[in-house]
Amino acid sequence: MAEFNQIVKEKNSSSTNREKLIGYMYTSLAYLLWGFLALYWHALGTVSSLEILVHRMLWGFIFVMAIMSFQPKKRRIFFSLFKGVPLKYKQWIYFFVASFAITINWLLYIWAINFGHIMEASLGLYITPIVSMILGILILKDKINTGARLSIVLAFLGVLSITYDYGQVPWVAISLAFTSGIYGLVKKYIKTDAVVGMCVEMMITIPFALIYLVSLHLNNRTHFGSDIHVSLLLIGAGVLTALPLLWFTEGAKRLSLTTIGFFQYITPSITFLLGIFIFKNTITLTQWISFILIWFSLALFSFSSNNKKLIKCINALYASKNKV
């Protein structure tokens, strides 16, 4: 009996480890793709940011709907949202706010990449966790420890430093961080499957996207259809919008939020490195100081968020050693 229990434990442990590895793979792929998307938007530099955005929403919606057509459970969840809409008006308000926030965020990011503001985009991605924390304090009344407070101060000094260097407020970075933070905040109130939620958010924008595309076509200003290479890239924009979210969802099922928190710095780091080595952006000493302050702020934020768990682990290890 003892041997049987041991075999079961080993199988469960092996299964857990395998699931964690799959979770690491999915989460890494999601954040890596989000990071390298800057190169994709740059390849579409001849197309206006707004046209890229509407194609991203249109083809993303089609791609997600195609995926849901093979998943009866998600399909049922999607159609159930349309039953008794007046009773679910709050959920639909949250959907509209989330859709608006992420649409502005996507548009700003594409514009930033194609108009030489990639370092500001990177800064915006870096300060997003701090902005989310500030929104949590102000709106959700979250309580934070001393380390988290200090991380906010360091992030503020970093933004202040880069503002001094630019001679103006880095509105691209701040706008990216706040739209992303608002999106994350509103998503806390949306009670549905992540993929279904994304599909609804895209669906809300489709009428506006179609009106804009028809307008472009009537004025002979559309890039879609004029060149096979550009057309395929525009279709691919929708697929590359949905894929990382699907991967992230699969990763989130298998990993703790603490673990996922460390992965979120992959995207801004890739954007930062692309800005230096691919887009050949020069960074002044003041900008380096700003980014270093932001990095310290994030390191402190991560440590202060996880130090309780770390202390528990250390105590557990100490207790086990004492038993031995």
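The structure is a predicted model. Helices α2 (49-68), α4 and α8 (194-218) each supply at least two residues of the pocket lining. The most comes from α4, which gives six residues.

The protein also has nonpolar cores. The largest has 47 residues, and within this core Tyr40, Trp41, Leu44 and Ile113 touch the most other members. A second, separate core includes Leu58, Val186, Ile190 and Cys199.

| Core | Residues in core | Some members |
|---|---|---|
| Largest nonpolar core | 47 residues | Tyr40, Trp41, Leu44, Ile113 |
| Second, separate core | 33 residues | Leu58, Val186, Ile190, Cys199 |

Tyrosine 40 is in contact with Leu232, Leu233, Gly236, Ala237 and Leu240, leaving aside neighbours within four places in sequence.

Helix α5 (residues 118-139) also contains glutamate 120. Is glutamate 120 buried or exposed, and which side chain of opposite charge is nearest? Glutamate 120 is buried, and the nearest such side chain is arginine 56, 17 Å away. A salt bridge needs a distance within 4 Å, so glutamate 120 has none. Not counting residues up to four places away in sequence, glutamate 120 touches Tyr166, Pro170, Trp171, Val172 and Ala173.

Key
Residues numbered from 1 in each chain as written. Predicted model: local features only at pLDDT ≥ 70, side-chain atom pairs only at ≥ 80, totals over all residues. Heavy atoms only, no water. Helix = DSSP H or I, 4+ residues; strand = E, 2+ residues; numbered from the N terminus. Buried < 20%, exposed > 50% of the residue type's maximum accessible area, 1.4 Å probe, protein only. Lys, Arg positive; Asp, Glu negative; His and termini not counted. Contact = heavy atoms within 4.5 Å. Core = buried A, V, L, I, M, F, W, Y, C linked by side-chain atoms within 4.5 Å.
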